[in-house]
Amino acid sequence: MISRFPDLFKLRGVVSPRTHRFFSHPPPPPAPAMSDLRPPEHQVAGHRASANKLGPLVDGSGLFYKPLQAGDRGEHEVVFYEAFSAHAAVPPRIRDTFFPRFHGTRLLPTEAQPGEPHPHLVLDDLLAGLDAPSVADIKIGAITWPPGSPEPYVAKCLAKDRETTSVLLGFRVSGIRVVGTGGAVWRTERPEVKALDTAGVRRMLRRYVSSVPGEGADCALAAAVYGGEGGVLSQLRELKAWFEEQTLFHFYSASILLGYDANAVSATGGVEGGVRVKLVDFAHVAEGDGVIDHNFLGGLCSLIKFISDIVS
Ligand SMILES: O=P(O)(O)O[C@@H]1[C@@H](OP(=O)(O)O)[C@H](OP(=O)(O)O)[C@H](O)[C@H](OP(=O)(O)O)[C@H]1OP(=O)(O)O
Ligand SMILES: Nc1ncnc2c1ncn2[C@@H]1O[C@H](COP(=O)(O)OP(=O)(O)O)[C@@H](O)[C@H]1O
């Protein structure tokens with residue numbers, strides 16, 4: 001195993017990883033047929049599956065299949081999930097509330113590589129069961145590359161962090177999809193989100209909880225989705241409390257994924273079935289080494305402030 005962060009294996013309480021154990025976890029459900037696999041309709045950011053590109057797949061069974069990325073990145077993400085899933089010091093409530101459950105890895109056929117099955121992480125589909133998912137992907141941290149990254153990669157990330165709001169705000173919006181009244185879907189385009197400034201980020205966070213079509217933002221759902229018991233704010237604060245303590249992992253380039261069912265927002269407040277606040281994308285997680293993840297924590301505090309301003 002070649003890993004940029006070999007010490008991740010040495011974390012206390014971690015089950016030692018064996019690589020290429022693509023069928024090593026609790027008996028996996030039967031492999032889906034290629035005809036059942038499709039790119040997730042609700043994906044808002046990241047690499048997308050197409051005829052010549054690998055990307056995540058779903059099969060409607062409640063599972064999300066993320067292809068292992070090239071180089072050591074894919075294996076690194078597997079190692080993270082194995083370490084995190086088994087780590088004795090991770091509170092079960094944090095693991096279960098804020099992270100997708102990991103079901104091991106699996107070789108799957110893909111359209112991009114016919115005849116050459118590719119290993120995929122098998123995760124819970126975080127949007128499963130939502131009738132009309134409104135989704136936001138927010139990449140946390142002013143710095144998005146882990147220590148020890150090769151210089152060209154650092155330069156590429158630094159350029160993106162500067163061009164976007166990452167450096168300034170400690171987070172950037174990577175993609176949003178909102179289901180409005182009547183089922184109309186509004187979603188961001190890549191060039192648009194990349195060009196967002198502070199005012200643009202504020203606009204997007206308002207748009208996410210608005211029911212009007214197009215660009216408008218009435219924030220009609222802000223109290224239900226962002227505020228209240230179990231809303232986004234209270235969950236982010238719970239997550240923040242853990243980040244104020246945890247020194248196990250540094251979550252470079254990870255995103256917070258928000259999800260709610262636009263058809264389940266109650267007029268009297270709250271969202272039936274709750275609002276989902278989850279972390280995704282762990283290809284660049286580094287060892288915490290006894291130090292707080294101030295990069296993630298700072299971005300999280302900044303996001304909390306933006307959202308609480310909208311609620312109030
Ligand atoms: O592959 P690229 O150049 O399109 O960049 C990916 C980004 O797409 P972008 O072009 O910025 O919209 C992509 O950005 P989004 O998630 O789409 O915001 C990720 O940052 C991805 O990094 P990783 O999956 O965390 O390793 C980025 O991949 P790497 O830069 O890590 O290769
Ligand atoms: N477990 C999951 N369940 C549902 N959707 C997910 C899950 N993980 C990721 N996604 C969707 O896929 C997108 C990209 O995921 P990510 O892990 O960030 O991939 P990449 O490494 O290509 O950036 C996210 O923005 C989100 O829309």
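A search of the whole structure for disulfides (pairs of cysteine sulfur atoms within 2.5 Å) finds zero.

The model is predicted: local features need pLDDT of at least 70 and side-chain atom pairs count only at pLDDT 80 or more, while totals for chains, interfaces and linings use all residues. Residues are numbered from 1 along each chain as its sequence is written, chains are lettered from A and ligands numbered from 1 in the order in which they are written, and side-chain values use heavy atoms, with hydrogens and water left out.

Now select ligand 1 and the 15 residues around it (a heavy atom within 4 Å); Gly46, Lys156, Lys160, Arg190 and His284 come nearest. Display the polar contacts (pairs of N or O atoms within 3.5 Å). A polar side-chain atom of Arg190 is 2.6 Å from a ligand 1 oxygen, and one of Lys160 is 2.8 Å from an oxygen atom of ligand 1. At Gly46, a polar backbone atom lies 2.9 Å from a ligand oxygen. The protein covers 81% of the 590 Å² of accessible area that ligand 1 has on its own (Shrake-Rupley method, 1.4 Å probe).

Finally, colour the shell by element and class. Helices are DSSP runs (H or I, at least four residues); α3 (151–163) and α5 (190–194) give two or more residues each, and α3 gives the most, with three.

Technical notes:
Polar contact = N/O pair within 3.5 Å; in protein donor to acceptor, adjacent residues only side chain to side chain.
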